[in-house]
Amino acid sequence: MAHSQVQTAPVEKADTSRAYRNYVLVILTLVYAFNFIDRQIIGILSPFIKADLGLDDAQLGLLKGVYFAILYTVVGIPIAWLADRYSRVNIIAISLTLWSGFTAASGLAMNYTQLALARIGVGIGEAGGSPPSHSIISDLFPKEKRAGALAVYSLGIPFGVMLAFFASAFFLQGGSADWRTVMISVGLPGVLLALLLKFTVKEPKRTESVQTEDAEKPSVSASLKTLLKIPTWWGMALGISFGSFGNYAISTWIIDYYVRAFAGLDITQLLIAFGIINGSAYALGVWLGGYIADRWGKQNKKAYALLPAIALIIGVPALYFSLQVNDLWLSVGLMTFLLFTSGSYLGPSFAMAQTLAPINVRAMSTALFFFVLNIIALGGGPTITGIISQALVPSLGEVEALRQSLLYLIVPYALSIIVFLWTSTKIVKDWEMAESRGL
């Protein structure tokens, strides 16, 4: 469309209408939602899979965490390398088709090994989702609007989780369907979305075309060295990682906990409630995090790290009380408050991963960010919680063991607060250095 106007970014930005930019953002957010439908579904169906295949908490923890995370994190790095060079739209479309197919295949697994292999497949596919998407968004939106755009993109998390809960409630109502039907039903629609993406979204021009001639451009390895020496980059990566360690553990184990602790509960009702909570309270927390950070950040760059710290200080006590009360809906209400506050770090953290990165390694910055995040949070949270729970079962029984294991999550949340507060002392200087390189 703008083949004769590659020399200046403003023309390209003007050429890309606001309506089209927003359309691309919506499609990428939908893709991200499917990413989380397929990631979350195993945590929701966990009690049914446990009963059907006769698994213990440690085995379930591995399915929810490590098996998915290990190749997801490793494959993310080469995919980001490709995304900084080749068509990002194609990479996302192929990845979405892969992970949706493997989710459907999970429904055909007849034993633990087959289910583990399908989860590894989902992880490989999902690795190609976020780094190219973040890179596309950064090329379509100016830096002042980037945290807001990435916060909208991050809404794919709560909306995806919401849809996973709703789909499970729909298929499991009345006890007519089993967990396999749910897996197949949420996997297949992703393939249709991949086709919509491929045929309606054009590969955007990279903003780096405006920076320098090839001769002056820093090499990728030089840019990566610069990136990994930025204290704020590490601070935001570890802050989001420790916070998400808790969030991933809760999102994958909370249904198991409620099914065990409150015998005879209406599972369909609980799934619908959690769907609504994720689509409203958590989504609002995610959106507000990006919105407030961008507003406050205009006056004070420290806002991008202070806001997540303050939100977690307010929200984390709710986790403790949620696991102590004997009333199901009071417990769910307290958990909702934690979800609302903990959503706030996503927009600011992802924005810093992009804003502080040298332009030629933006997708790689996000991939490395996710590498740190997912090894710690996705690999660690659900798996360690399951292993601790299983270790405590002989002495405490299944209900108390899982409750105690979830209570220990206060530790990673506290680490997250500390790291975000530390980061707020580094952010101003690092932002200035990024501006001197040209954001």
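Trainee: Over which ring does the charged end of R21 sit?
Mentor: This is a predicted model, in which local features need pLDDT of at least 70, side-chain atom pairs count only at pLDDT 80 or more, and totals for chains, interfaces and linings use all residues. Residues are numbered from 1 along each chain as its sequence is written, and side-chain values use heavy atoms, with hydrogens and water left out. A charge sits over a ring if NZ of Lys or CZ of Arg is within 6 Å of the ring centre and within 35 degrees of the ring normal. The charged end of R21 meets this 5.2 Å from the centre of the ring of F141.

Trainee: Are Y258 and F262 buried or exposed?
Mentor: Buried means under 20% relative accessible area, exposed over 50%, and partly exposed in between (1.4 Å probe, protein chains only). By that rule, both Y258 and F262 are buried.

Trainee: How are the rings of W287 and Y291 arranged as an aromatic pair?
Mentor: Rings of Phe, Tyr and Trp (its six-membered ring) pair if their centres lie within 6.5 Å; planes under 30 degrees apart count as stacked, over 60 as edge-to-face and the rest as tilted. W287 and Y291 are four residues apart in helix α15 (residues 267-299), so about one helical turn separates them. With 5.0 Å centre to centre and 15° between the planes, the pair is stacked.

Key. Helix = DSSP H or I, 4+ residues; strand = E, 2+ residues; numbered from the N terminus.
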